[in-house]
Structure formats: C-alpha cells, structure tokens
Amino acid sequence: MTQRIDTRVCIAGGGPAGLMLGLLLARADIDVVVIEKHADFLRDFRGDTLHPSTLEVMRELGLLEGLLALPHRRVDRLAIDFAGRRMEIADLSGLPVACPFIALMPQWDFLDFLSREASLWPGFALRMETRATGLLLEDGRVAGVTAEGAAGALEIRADLVVAADGRASLLREQSGLPVEEFGVPMDVQWFRLPGEPEALRLPLATVGAGAMLVLLPRGDYWQCGHVIRKGGDAALRAGPIGALRDRLAALRPELAAPLAALTGWDAVALLTVHVNRLNEWCRDGLLCIGDAAHAMSPVAGVGINLAIQDAVAAANLLTTPLHAGRPALAELRRVQERRLWPTRVTQRLQLGIQQQIIAEALAADGPPEPPLPLRLVDAWPVLRRLPARLIGMGVRPEHVRIEPAPGH
C-alpha cells in the first residue's frame, strides 16, 4: 500500500543544497520534507571545503560557533607546487568577512550538522533511505514525487518540488529540461593515504610532468585526488598498482612511505568529471538547484559553496510566495535569473583553468612551465586578492534575508 504525505515543499536530495534549503524554509515556518536515498552521509569522495561565503551564511543563521566546534582545518592561503616551484595563488586572510579562510571539514560532518539543526524546527522532516522514483503530474504541472522508502512506496504531494539530487538527477531527467554539456580534459582518482598532514604541511595541489595531485588533510590521513586525462582510468588500472605509487612518489617524495599502504586498485575510486548546466532550471511546480542545475568541476572546490548559494537565493525569493500558496512559474524563474549568471561565470573560469593549466600540464612530457597568470599572482601579492575573492566569496554571494518564525 502506498503511503501518502502532504507537505508544502518536497526536496529530493540530502546534500548541501537540499539540507540548507530545508533548514531555511523550516526556519521560516514552511513545512518541508527532504528525502535522501542513502542511510547516512558517509561518502568519502565529496567536497570537503567550506568557503568564506558558506561560513558567512552560517554566521547569519547563528550557527557558525557550533559548526566550527567540529574538527576542521583552516586554510587562508592557497599554494600550488608547480614543477618544484611553490607558488602562492590566493590570500583569503584579507576578505571582509568573519571567517577569512576555508574550513576543511568532511562533508558528512557538515551534513549531519545541518540535519540536526534543521530537525529542531517543527516543520522539517528528513526521510533517509528514501529514493525519489518519479514526478507526479497533474494537468501538466508537477504536484509531487513518487518514492521508495524503507517501509515501501510513498506518494509525496507538494506545492513545490525541488530537485537537489545531484548531477545524475532523476527528477531533472524526468522533467525534460535539457542539459548543456561542456567538454572537460580530466577525471580524478580518489583514495586515502595514512599520515600526519599537520606535520608534512604540503601544498593542496602539486603539478608535475604529466601528473597532478590534490591533497586534502583529514585528521590522521590524506584524502588524495590524482588528476588524470579524461578517460585514462582504465589504462592505468590495467597496470600494477605499484606503477601508480611510483608515479605519485616521483611527484611528491614526502608521500613515499604513506603510499606503501596503497596495495590494490580496489582502494582507488574514480570521479568522472562533468561540467554542465541547465539553461532552464524550472517548470511549473519544479525547481532544480545545486548539481542538478549545474555540475561543477572540482577545480577550487567551489561546487558545494555554489549549491549553498542556490539554496539561500531560493529561500529568499520563494518564502513569501510559498506562504501565499503555490509559487507561480514566473516566481521560480526568479531563482534561475538570480543564479544563472554566477554559474556561467564560475564555469567559464573553471573551464579556462582546466584547458590552460591542467590539460597542458597533463600533456607535458617534461616539467611544465607555469602559465603567465600564475607567475604574475605569485610575483605580486596584491594580485592574490582577486583569486581570493573569486574562490572565497564567489561571483555573487548570497545572504540570508528571511527572518526565522517567531516563538522559536
């Protein structure tokens, strides 16, 4: 028997965009159901970077102190080791915000924190192990979703459905909204290495002849991203794991000992990189945000923060219409109009970095030459303010404009 649930808003996807929007709407006294297909948030290969723009949103919500009580590492200067030359590319310490730094925190900790805070509001419901299976349509309008939960089939009726279910969004696919794809030159192999990141103090990225390695410190281990040519994973896996260890040890000799723990390819996961976006984010009754609206490259770790900005903009623009009833299509389009331009600009910058820096480095037979923009930023500290602004705050940072419901 199918269980029916009625709510004002149904959000598919318990990632950063979905949980942030759920929190903001519940805080404004709007009933919201968030459905998440997994049983928990423990996925290794998700973004770990909370940029100053996200930390500012948390400050505006009064949640910053609690968030920063969780284990994290603060980074206020970004450096790249480019063919043995350490280059400073961004100094976030001068940004005019409460937290002029990037907080490196496992995303599962951040999502757990958001879900706990959202659950304090009576209108918020989070259903784990609940997978959206389709859109409910009435007279051409989206009127809810069908889903499968631990107890069986669900029918969730809502005035608004929000697709925040990631770059492989089922709801986006069923909506018929076309996706524009952009070619990318790289994929990423992810794996863990044991060690003491605090002791080694390595740069976040190392670029060498035909190779690139990203290192994210997590307590007593590294989360590592080995950047490879697009489609190159199968050829590498056809060889011995020792070849990968040798390749990375040559790139970063300090990791030779930790690399010994990498004993098989089963410990290496592939992140297939996509950059795409919708040029229409909504149809009547449905809005796409976050990766469902625009899949970002992992370059600069901006994806999670752009998704948070989408959620804040959606809450700012749709809270009043939701209190009045069903938002009209024109009101949903206001979210798209607000967020499409910063998405386009950010993706254009990412694609430029991929083609002009990453692709050329991966194709190099010898030590690559740092491109002119990197050399200028490294030589002139004042120039680091621009990348700091773009990485730390984004093109159009959003601020929480909706006051919490009285009496909470």
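**Entry 1: H1 and H10**

I looked up the hand of the crossing of H1 and H10 in this predicted model, and the crossing is right-handed. I then took the axes: helix H1, residues 16-27, and H10 come within 8 Å and cross at roughly 30°. Angles under 35 degrees count as roughly parallel, so H1 is roughly parallel to H10.

Next I listed the residues that meet. From H1 I noted Pro 16, Ala 17, Met 20, Leu 21, Leu 24 and Leu 25. From H10 I noted Ile 304, Ala 307, Ile 308, Ala 311, Val 312, Ala 314, Ala 315, Thr 319 and Leu 322. I sorted the residues of this contact by class and got 14 nonpolar, 1 polar and no charged.

**Entry 2: H2 and H10**

I turned to helix H2, residues 52-60. The axes of H2 and H10 come within 9 Å and cross at roughly 40°. H2 and H10 are therefore oblique to each other. I recorded the crossing of H2 and H10 as left-handed.

On the H2 side, the contact is made by Ser 53, Thr 54 and Val 57. On the H10 side, I found Asn 305, Ile 308, Gln 309 and Val 312. The contact of H2 with H10 has 3 nonpolar, 4 polar and no charged residues.

**Entry 3: H10 and H11**

I looked up the pair formed by helix H10, residues 303-324, and helix H11, residues 329-363. Their axes come within 9 Å and cross at roughly 160°. Angles over 145 degrees count as roughly antiparallel, so H10 is roughly antiparallel to H11. The crossing of H10 and H11 is right-handed.

H10 brings Leu 306, Gln 309, Asp 310, Ala 313, Ala 314, Leu 317, Leu 318 and Pro 321 to the contact. H11 brings Glu 331, Leu 332, Arg 334, Val 335, Arg 338, Arg 339, Thr 343 and Thr 346. Which classes do the residues of the contact of H10 with H11 divide into? I counted 8 nonpolar, 3 polar and 5 charged.

**Entry 4: rings**

I checked for aromatic pairs, and the count comes to 0. I also looked for a charge over a ring. Arg 192 lies over the face of Tyr 221. I noted the distance from the ring centre as 4.3 Å.

Note on methods:
Residues are numbered from 1 along each chain as its sequence is written. This is a predicted model: local features need pLDDT of at least 70, side-chain atom pairs count only at pLDDT 80 or more; totals for chains, interfaces and linings use all residues. Side-chain values use heavy atoms; hydrogens and water are left out. Axes are lines fitted to C-alpha atoms, for helices over the stretch in contact, and angles run from 0 to 180 degrees between N-to-C directions. Helices (H or I, at least four residues) and strands (E, at least two) are DSSP runs, numbered from the N terminus. Angles under 35 degrees count as roughly parallel, over 145 as roughly antiparallel, 65 to 115 as roughly perpendicular and the rest as oblique. A crossing is left-handed if the near helix is turned anticlockwise from the far one by less than a right angle, and right-handed if clockwise. Contact means heavy atoms within 4.5 Å. Ala, Val, Leu, Ile, Met, Phe, Trp, Tyr, Cys and Pro count as nonpolar, Asp, Glu, Lys and Arg as charged, and the others, Gly among them, as polar. Rings of Phe, Tyr and Trp (its six-membered ring) pair if their centres lie within 6.5 Å; planes under 30 degrees apart count as stacked, over 60 as edge-to-face and the rest as tilted. A charge sits over a ring if NZ of Lys or CZ of Arg is within 6 Å of the ring centre and within 35 degrees of the ring normal.
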